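Let's take a friendly walk through this protein, from its surface to its charged contacts. Please have the viewer open as you read.

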Amino acid sequence: MEQFQNHNLEFMVEDYHEMTDFNDILFEDTESPREGTKPKTDTSALEARNGRDIQGIPWERLNFNRDRYRETRLKLYKNYENLSRSPEELIKECTEAETCHNFYDFQFNTRLVKSTIVHFQLRNLVWATSKHDVYLMQNYSLMHWSSLLRRGKEVLNVAKPIEPTQFLSQPGVAFSTKLATDENAITNAVDIYHNSNGSIRVMTANNDAHVRVFDAGNFACLSRFSFPWSVNNTSVSPDGKLMAVLGDSVECLVADTQSGKVLGNLKGHFDYSFASAWHPDGQIFATGNQDTTCRLWDIRNLSQSITVLKGRMGAIRAIQFTSDGRFMAMAEAADFVHIFDTQSAYAKVQEIDLFGEIAGISFSPDTEALFVGVADRTYGSLLEFNRRHYNYYLNSIL
């Protein structure tokens, strides 16, 4: 993972927007509420159906429309790359997908909680624990948003330097420790899973080229595995036996979670990888890369990827499957979230088109909701989409 100072979040966000030529002046909301009234920041499904932009962007008051700005954005956006690659060679591998599908409908957008990003390459900053409860990072705080009550609250604040012994005194904190003393030991990803015996484990991917496994019961470090490059992401198979290991390399690995032994070396990506996820069946898993693609792999034959899915303009920095395996969502660094129908061999896709850096995506455990965190100075927000259900039995009655 690329190294940047992490002393001040605001500086990090400033640097990243400059690097991607993001001009948020175009989105400056100049509407002034009447004195004594509260500015309206949220957007409902009904308002969206009546023509309001889902992010509340007032296109009618700007000197250009949405389509024109989208066209300009696609032309000017610069995807961050560590390694160069041939676009022609990349595109010829990619699967063509139908985009005229709608699997999840827009439900609500709130700017009362705003997703923020500390490091531009790490975008797994949204977690849904139910269709009504979602957690996200906002500046130095872990925030909880209730989609049922439409209310947000701070759960944890880490603004000050963390001293493990002092940090334990905070409400809700059961354990706190530094994983390593190395300056390069940024924790890039955390995966909580059940091992093959059913015990809960916590796996961390670190910039010091190590993967660590902890017992969630007593917080003891059970294993530490070393790899030849900084580890940006790990994800564990549903049976707890295998892990995908991704990092500062064009190659991805499949390894044994008990021994750390590498069982497969995956070749195909052109740049560094930062996202991965397993299909609930345990046979298929996906990897997301800065080369703007997501590759799908079959654990039974790792000689080559079985499908290559292409983003619109940026690195694939977050991937998640629904718990029933029906859909897979992949988020680009900015502007686009793609929801693929796995039953169509990923040939059908819904494209969620928005504006702003994407901090993370998360399906609810029951698959009924999809949450998208948007990081932007003016329109930072949390978007909620609800799964569309087709009641064929009602159609037969009609």
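In which strand is the place of Ile 192? Ile 192 sits in strand 7, which covers residues 187–194. Keep in mind as you look that this is a predicted model. Ile 192 counts as exposed because its relative accessibility is 60%, and over 50% is the cut-off for that word. Together with Val 190 and Ile 200, Ile 192 makes up a nonpolar surface patch with about 290 Å² of accessible area.

Asn 233, for instance, has Leu 246 in strand 12 as its bridge partner. The two strands form a hairpin with 5 residues between them, and Gly 240 in the turn has a positive phi of about 75°.

Now for the charges. Side chains of opposite charge can pair when their charged atoms come close. The count here comes to 16 salt bridges. One of them joins Arg 70 and Asp 353, with the closest N and O atoms 2.7 Å apart. Arg 70 belongs to helix 3 and Asp 353 to strand 22, so this pair ties together parts that are 283 residues apart in sequence. Arg 70 is buried at 7% relative accessibility, while Asp 353 is partly exposed at 22%. Both residues also belong to a network of salt bridges that includes Asp 53, Arg 66, Arg 73 and Asp 335.

Elsewhere, Glu 93 and Arg 295 meet in a salt bridge at 3.0 Å, N to O. This pair links distant parts of the chain, 202 residues apart.

Technical notes
Residues numbered from 1 in each chain as written. Predicted model: local features only at pLDDT ≥ 70, side-chain atom pairs only at ≥ 80, totals over all residues. Heavy atoms only, no water. Pairing = 2+ DSSP bridges. Helix = DSSP H or I, 4+ residues; strand = E, 2+ residues; numbered from the N terminus. Patch = residues over 30% accessible without salt bridge, like charges linked within 9 Å, V, L, I, M, F, W, Y side chains within 5 Å. Areas by Shrake-Rupley, 256 points an atom, 1.4 Å probe, with all protein chains shown as cover. Salt bridge = Lys/Arg side-chain N within 4 Å of Asp/Glu carboxyl O. Buried < 20%, exposed > 50% of the residue type's maximum accessible area, 1.4 Å probe, protein only.
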